[in-house]
Amino acid sequence: MSEPTVSEPTLSEPTGASGLTHLDSDGRARMVDVGGKEVTHRVAVASGTFVTTDEVIGLLRTDGLKKADALATARISGIMGAKRTSDLIPLCHPLALDRVTVDLHPAGTTVTITATATTTGRTGVEMEALTAVTVAGLTLHDMVKAVDPAATLTDVRLVSKSGGARGEWRRDAWLDGRIRSAVPELRRDRAVVVVASTRAATGTRDDTTGPLIAEWLQARGLTVDEVVVVADADIATALRSVVATRPALVLTTGGTGASPTDATPEATIPLLDRELPGLADAIRAAGAAIVPTSSLSRGVAGVANGTVIVNLPGSTGGVRDGLGVLERVLEHLLAQVDGGGDHSAGAPIHDGPTA
C-alpha cells in the first residue's frame, strides 16, 4: 500500500504527468513500486464517529441488542477489515501487519471508533487503519439498524502516522499549519460596506446608504474597495466571504428590523468572537431619540478574528445616526482591537466631516 499523499520520487517510483505517484506518465492508475524504499517500523492511527441515539447507546452498553455483543463484533470486524485492505482498495499493497487494535467508546449518542495499525515494511499503513474504522462502523450499523436505521458513520479520518521518509505526521499540527497559511493578514487600512437590500440587489430601487457609508469611511483614511449589495437572503454568504478577506472594519446596512426577511444580525452573530453590545445599544439610542421606531432595530456589533463588524439600520437617517456614534469611538475601537489603547497603534483614521 502506498502513502496517501504525494511522495518524493525515487528511481523505482517515478511520478506521473500529474505529479501523483498513483498515475503513470499517461495518466493511468498504477500500483507504485516500493521495492527501493527503506524498511521501517510504521504506525497509523485513524478514528471515526458512529452517531445514533441514547437508547441505542444504552443497549450497546448493556449488551441488549438481539444481534449479540455488537461492540465486540464490530471490533473483530474492524481487525478483519484491516487485514483485507489490499483486497478492497485496488492500488494498496498487501502488508504483513504486526498489530491492529480497534477500540470503541460509547458515550452520549455516539460511539468513538479508534484503530491503530502497525507494520514493519516499505510502505505506510494508513489505509489499513482507516479501513478498520470504516468496517467497524459499518458493522455497528448492521447491528443496530433494526432499532435505529438512521444511524450515521461520520468523520472517518487519519489522526497520525509515523515511520518512513516523512517521519511523524499529526493531523492537528498539520491542520493548524494549513489554517495559518490560508488566513490572510489583517488589512488595517481597509473597510468594506455590505448593503442588505433585496430591492437594491434586484435593481428596483437605488442604494443610497452604501455610498454614504463609503464616503464617510474614505474621509477617515480607510480604503473602501467596493460596496457589496446583496439580497437579504444572501447576507450570510456575503458576510462570510467579506470577513474572510480580513478587513479592519465591516459596516453593514439594512436587514436589522423585525421583518421575517431581515437576517443581518443572524448572519453576523455566528462570525463574532466577542460582541460589543454597548456600541449596538448606543446606535439604537441615537436613532430612537429622533425616530422612536429605531428602538426596534436588532443590529449587533462585535469583533470577528480582528475584524470589527457593525450593523447599521437600512434608512439614510438611521445610517447617519449610527455614523455619528461611530465618529466618537471608532478610532479608539480599532486601536484596541489591534492591541493598542490609542490611535498610534490603530488604523490610519484622520479627522473628517461627520455624515
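The protein chain has 11 helices and 11 strands. Helices here are DSSP runs of H or I with at least four residues, strands are runs of E with at least two, and both are numbered from the N terminus. This is a predicted model, so local features need pLDDT of at least 70, side-chain atom pairs count only at pLDDT 80 or more, and totals for chains, interfaces and linings use all residues. Residues are numbered from 1 along each chain as its sequence is written, and side-chain values use heavy atoms, with hydrogens and water left out.

Of the 355 residues in the protein chain, 43% are buried. Buried means under 20% relative accessible area, exposed means over 50%, and partly exposed is in between, with a 1.4 Å probe and protein chains only. Take the contacts between residues at least 6 apart in sequence: 73% of them join residues at least 24 apart. Contact means heavy atoms within 4.5 Å.

Now the helix packing, starting with H7 and H11. Two packed helices are described by the angle between their axes and the distance between the axes. Axes are lines fitted to C-alpha atoms, for helices over the stretch in contact, and angles run from 0 to 180 degrees between N-to-C directions. Helix H7, residues 209-218, and helix H11, residues 316-337, have axes that come within 10 Å and cross at roughly 20 degrees. H7 and H11 are therefore roughly parallel to each other. For that term the angle is under 35 degrees; over 145 counts as roughly antiparallel, 65 to 115 as roughly perpendicular, and the rest as oblique. The crossing of H7 and H11 is right-handed. Right-handed means that the near helix is turned clockwise from the far one by less than a right angle, and left-handed that it is turned anticlockwise.

Which residues of H7 and H11 make the contact? From H7 they are Thr209, Leu212, Ile213 and Trp216, and from H11 they are Thr316, Val319, Arg320, Leu323, Leu326, Glu327 and Leu330. By class, that contact has 7 nonpolar, 2 polar and 2 charged residues. Ala, Val, Leu, Ile, Met, Phe, Trp, Tyr, Cys and Pro count as nonpolar, Asp, Glu, Lys and Arg as charged, and the others, Gly among them, as polar.

H11 also packs with helix H10, residues 277-288, at an angle of about 150 degrees, with the axes 8 Å apart. H10 and H11 are therefore roughly antiparallel to each other. H10 passes H11 in a right-handed crossing. On the H10 side the contact is made by Leu279, Ala282, Ile283, Ala286 and Gly287, and on the H11 side by Asp321, Gly322, Val325, Leu326, Val329 and Leu333. The classes there are 8 nonpolar, 2 polar and 1 charged.

Back to H7 for its burial. Of its 10 residues, 7 are buried, so H7 is largely enclosed by the rest of the structure. The buried residues of H7 are Thr209, Gly210, Leu212, Ile213, Ala214, Trp216 and Leu217. They pack against strand S6 (187-196), strand S7 (223-230), strand S8 (247-253), strand S11 (307-312) and H11.

Next is helix H8, residues 235-244, where the buried residues are Ile235, Ala238, Leu239, Val242 and Val243. They cover an arc of only 125 degrees around the axis, which puts them on the same side of H8. The arc is that of the directions from the helix axis to the C-beta atoms. What covers the buried residues of H8 includes S6, S7, S8, helix H9 (264-268), strand S10 (301-304) and S11.

That brings me to backbone angles. Most residues other than glycine have a negative phi, and most peptide bonds are trans. Just after H8, Arg246 takes a positive phi of about 60 degrees. Asp63, in the loop between helix H1 (54-61) and helix H2 (70-83), has a positive phi of about 55 degrees although it is not a glycine. Asp63 counts as partly exposed, at 45% relative accessibility. Asn305 has a positive phi near 55 degrees and sits in the loop between S10 and S11. With a relative accessible area of 43%, Asn305 is partly exposed.

Asn305 leads on to Leu272: their C-alpha atoms are separated by 7.6 Å, and they are 33 residues apart along the chain. Leaving out residues up to four places away in sequence, Leu272 touches Ala301, Gly302, Val303, Ala304 and Ile309.
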